[in-house]
2 protein chains.
Amino acid sequence: MSAQQLIERLKQWQGQAVPAGACPVRDVMDHLGDKWSTLLITVLADGPQRFNAIKRAVPDISQRMLTQTLRDLQRDGLITRQVFPTLPPSVEYRLSGMGESLLEPLAALIGWAEAHHPAIREARAAYDGPVVA
Amino acid sequence: MSAQQLIERLKQWQGQAVPAGACPVRDVMDHLGDKWSTLLITVLADGPQRFNAIKRAVPDISQRMLTQTLRDLQRDGLITRQVFPTLPPSVEYRLSGMGESLLEPLAALIGWAEAHHPAIREARAAYDGPVVA
DNA sequence: CGGAATCCAGCCCGATACTG
DNA sequence: CAGTATCGGGCTGGATTCCG
């Protein structure tokens, strides 16, 4: 299976084979692992959005984290930022080509999460203890 | 594209449509986002491993985090734990069926990370500033 | 061997207030 | 509108020590 092939290639990155944080998997995954990155990517998936539009789409994000996460994504080249010199100024964020290319594998993972969420919740409930012996 | 379809279905989970942390995507992603989960899953991908074998495969994980991450994965039903009453005792961890089903989407994401890592590093370098004006 | 328990530093992130 | 600055709490995760 294709998973196995990738696993094989993964081995060269595991352990101390790699100097420090040079492992590409960890380097990228650590970013996607933060609280908001993937969520913002999915928000931008259906078209460019302005700052406050994103904020409205994700009500429980703070301004601070929105700004910061957007900047990190921009820094990684996943999204682009375009400022329109209107008054008041408006700033539009959109996925870059690379950002869009991330959508497919991300969607696969999200699909998995959706599909298995019930089973996971069950497993958790079972593990956490049949309190009622 | 299939990504778009998933994005559509995602919308119902974004924002306040969902009570609290009931969003399956976040619920699962937050776990995969932690520092070690995905790494341990890939380690277990090529067969069951004992505690110290995993530890050796991932030298820079602390005992504490190894134990804790394994427990969390077990709690979510992604791995199973089997104790052999030998002397000294040995404990074997292996991916469950659900855990194995995660390998495919995970491999896709890892593949993407590997493929785009150079571009990301470039983007970061460019963003962080041509210090040499 | 496979943990559990404790202590503690760092950072993640939210809340709030201010700016151009 | 689109940020920035500052403060502070809570959780993550590393180091160390002890147990069956």
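The legends below describe close-up views of a predicted model.

View 1. Three strands of chain B form an open sheet in the order β1-β3-β2, with antiparallel pairing. Its edge strands, each of which pairs on one side only, are β1 (49–50) and β2 (79–84) of chain B. Strand β3 (residues 90–95) of chain B is joined to β2(B) in the antiparallel sense over six bridges, and Leu95(B) in β3(B) is the bridge partner of Ile79(B). Helix α3 (residues 37–44) of chain B packs on this sheet, where it touches β1, β2 and β3 of chain B, and its direction makes about 95° with that of β3(B).

**View 2. The packing of α2(A) with α6(B).** Helix α2 (residues 24–32) of chain A packs with helix α6 (residues 97–127) of chain B at an angle of about 95°, the axes being 8 Å apart, so α2(A) is roughly perpendicular to α6(B). The residues of this contact comprise 11 nonpolar, two polar and four charged; among them are Val25(A) and Met29(A) in α2(A), and Trp112(B) and His117(B) in α6(B).

**View 3. The protein surface near DNA strand C.** Of the 20 residues around DNA strand C, those that come nearest are Trp36(A), Met65(A), Arg50(B), Arg81(B) and Tyr93(B). The surface divides into eight nonpolar, six polar and six charged residues, and its largest share, four residues, comes from α5(B).

**View 4. Phosphate contacts of DNA strand C.** A phosphate oxygen of DNA strand C lies 2.6 Å from a side-chain N or O atom of Tyr93(B), while for the side chain of Ser62(A) the corresponding distance is 3.4 Å. A polar backbone atom of Val91(B) is 3.5 Å from a phosphate oxygen of DNA strand C.

Key:
Residues numbered from 1 in each chain as written. Chains lettered and ligands numbered in written order. Predicted model: local features only at pLDDT ≥ 70, side-chain atom pairs only at ≥ 80, totals over all residues. Heavy atoms only, no water. Pairing = 2+ DSSP bridges. Helix = DSSP H or I, 4+ residues; strand = E, 2+ residues; numbered from the N terminus. Contact = heavy atoms within 4.5 Å. Axes fitted to C-alpha atoms, helices over the stretch in contact; angles between N-to-C directions. Parallel < 35°, antiparallel > 145°, perpendicular 65-115°, else oblique. Nonpolar A, V, L, I, M, F, W, Y, C, P; charged D, E, K, R; others polar. Near = heavy atom within 4 Å. Polar contact = N/O pair within 3.5 Å; in protein donor to acceptor, adjacent residues only side chain to side chain.
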